[in-house]
Amino acid sequence: MTDKTTAYQIAEDATRQLRNGWLLVFGLLCMLRLAFNSGGILGDPDTMWHVQTGKLILGTLSMPYADTWSHTFAGQPWMARDWLAQVILGIGFMVGDWPGVAFVSWVATALSVMVVAYALMQRTNPLTALLMGWLALTTIHTTILARPHIIALPAMALWTAWLVHAASTTRRPPWLALGVMVLWSNLHAGFTIGFVIAGMIALDAIWRTEPEGRVRAIAGWLLFGCGCLVASVVNPYGFAPLLINIQMFSGNEAMAYVDEWKVMRLHEHNVLIVLYASILIGSLFLDARKNIFRILLGVFIIYTSIKHERFVMLLAIIPPLLAQETAPRLLRMAFDRFKLFQDKDPLLGRSTWKPLLAVVPAAIAAVMIMRPIALPNLKARDIALAAVPTEARQGKVFNSYGLGGYLVSRSVPTFIDGRTDQLFLGGFTDTVIKTIVGNDAAKLQDLIEKYGASWAFVEADTKEAQLLDQFPGWKQIYADDHTKIYVKTAG
């Protein structure tokens with residue numbers, strides 16, 4: 001090996017160490033940012049039953065196949081489609097209680113943004129890549145919830161990054177990515193968006209391939225697509241999760257009532273993230289003919305996120321990966337326009353990252369101590385539940401939708417809870433919601449008593465609480481700022 005080759009190798013190793021070091025610091029800084037804004041991460045009522053599912057699987061070392069947590073649909077087929085993410089959340093709870101659940105969600109978010117930053121580092125200098133990665137985090141940090149779709153976010157990021165890299169280099173499909181699909185399909189039901197990403201990136205790869213190589217490219221990506229389908233059913237439930245996804249999008253009555261499935265609300269944060277994604281997709285027009293399929297995929301992602309707010313996190317992860325070739329060029333043009341970094345690209349210190357590896361974790365720990373994370377209203381709900389007389393609690397309950405996860409965690413069979421992808425269907429959810437929204441107290445009472453409920457555990461500021469006040473033969477026995485409890489006293 002010549003001295004010149006040795007010097008080149010040393011320089012390459014130093015550059016790699018610089019990038020990897022700053023990437024690790026970046027991930028820790030992402031977690032620090034999330035720790036500072038941890039208020040809403042445990043605010044979703046479904047978090048509790050997801051954790052309970054993980055604990056059930058860990059405790060029994062078996063998968064659930066039927067509902068045992070509601071009294072309205074007890075014994076009906078139900079499967080834990082997101083079982084692996086639920087196990088991770090369960091482990092987080094068993095190790096660190098609710099702060100542990102929040103922590104594993106931060107780790108998943110940080111990993112997904114690190115994938116974005118790493119992909120961008122292959123196209124631009126580390127500082128620019130990390131700044132763009134930080135912007136991605138900024139657009140989604142307030143939407144992070146301790147739920148399976150967040151635990152699955154790194155798998156989605158890695159899947160997209162590998163496929164885009166293969167298309168950009170016109171290489172064969174990345175067969176190792178099928179392992180990511182296996183992981184993704186066990187983590188969260190949203191793995192089906194991976195089919196759309198794979199299909200559009202396959203078209204992008206074929207389009208970029210020279211004409212003489214397109215037949216081979218088509219064959220390779222078609223075979224990869226078949227492998228993708230096979231990989232997606234390597235889970236304890238086989239084809240069932242895929243079929244449930246198809247059924248949901250073909251018509252699930254609960255989707256009309258769950259906020260995350262509704263059209264995106266255009267408040268300040270959502271406008272920012274749509275603008276961010278639109279600029280990135282817009283950068284693809286710098287070479288529109290080459291990037292036509294990436295543009296189409298980007299437009300589809302933006303449309304889907306606006307149509308269903310639950311997909312908003314896609315806007316932070318997928319557009320920067322699609323635009324990893326053109327976004328740095330657009331940023332470079334902006335630098336030139338405002339005469340920034342004209343002589344050289346912005347750099348990061350070669351040794352600054354090393355002390356940060358000690359400082360930032362300590363800062364995360366300090367924030368967690370000074371700003372303890374707790375499940376909202378948990379203590380108040382426990383006090384309220386303890387106020388229910390023993391003889392009443394032995395009967396069946398009517399509960400607010402938002403309290404279903406809490407009741408599952410306290411082993412109280414629910415009237416309804418968040419597992420509406422498979423349960424509480426056949427007109428049940430539609431009837432319950434329309435009756436409450438229609439302010440029909442008599443009809444709601446008939447419906448509740450039809451299912452044998454003899455007490456009610458509802459959120460204080462809800463229409464169902466107002467209607468229960470009108471029920472003849474029922475009385476309120478407890479109320480606080482969060483919860484009201486009623487029992488049936490006659491009939």
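Buried means under 20% relative accessible area, exposed means over 50%, and partly exposed lies in between (1.4 Å probe, protein chains only). This is a predicted model, in which local features need pLDDT of at least 70 and side-chain atom pairs count only at pLDDT 80 or more, while totals for chains, interfaces and linings use all residues. Residues are numbered from 1 along each chain as its sequence is written, and side-chain values use heavy atoms, with hydrogens and water left out.

Q: Why is L61 called exposed?
A: The relative accessible area of L61 is 77%, and the cut-off for exposed is over 50%, so L61 counts as exposed. L61 is found in the loop between α2 (46-60) and α3 (83-121), where helices are DSSP runs of H or I with at least four residues, strands are runs of E with at least two, and numbering starts from the N terminus.

Q: What makes the phi values of L61 and N439 worth a remark?
A: Most residues other than glycine have a negative phi. L61, which is not a glycine, has a positive phi near 55°, and N439, also not a glycine, has a positive phi of about 55°.

Q: What makes the chain as compact as a globular protein of its length?
A: The chain has 21 helices and 4 strands. Its radius of gyration is 25 Å, close to the 23 Å that the globule rule gives for 491 residues, so the chain is as compact as a globular protein of that length; the radius is taken over C-alpha atoms, and the rule is 2.2 Å times the number of residues to the power 0.38.

Q: Where in the chain is confidence lowest, and where is it highest?
A: On the pLDDT scale, the predictor's confidence in each residue from 0 to 100, helix α14 (residues 327-337) is lowest at a mean of 77, and strand β1 (residues 396-399) is highest at 97.
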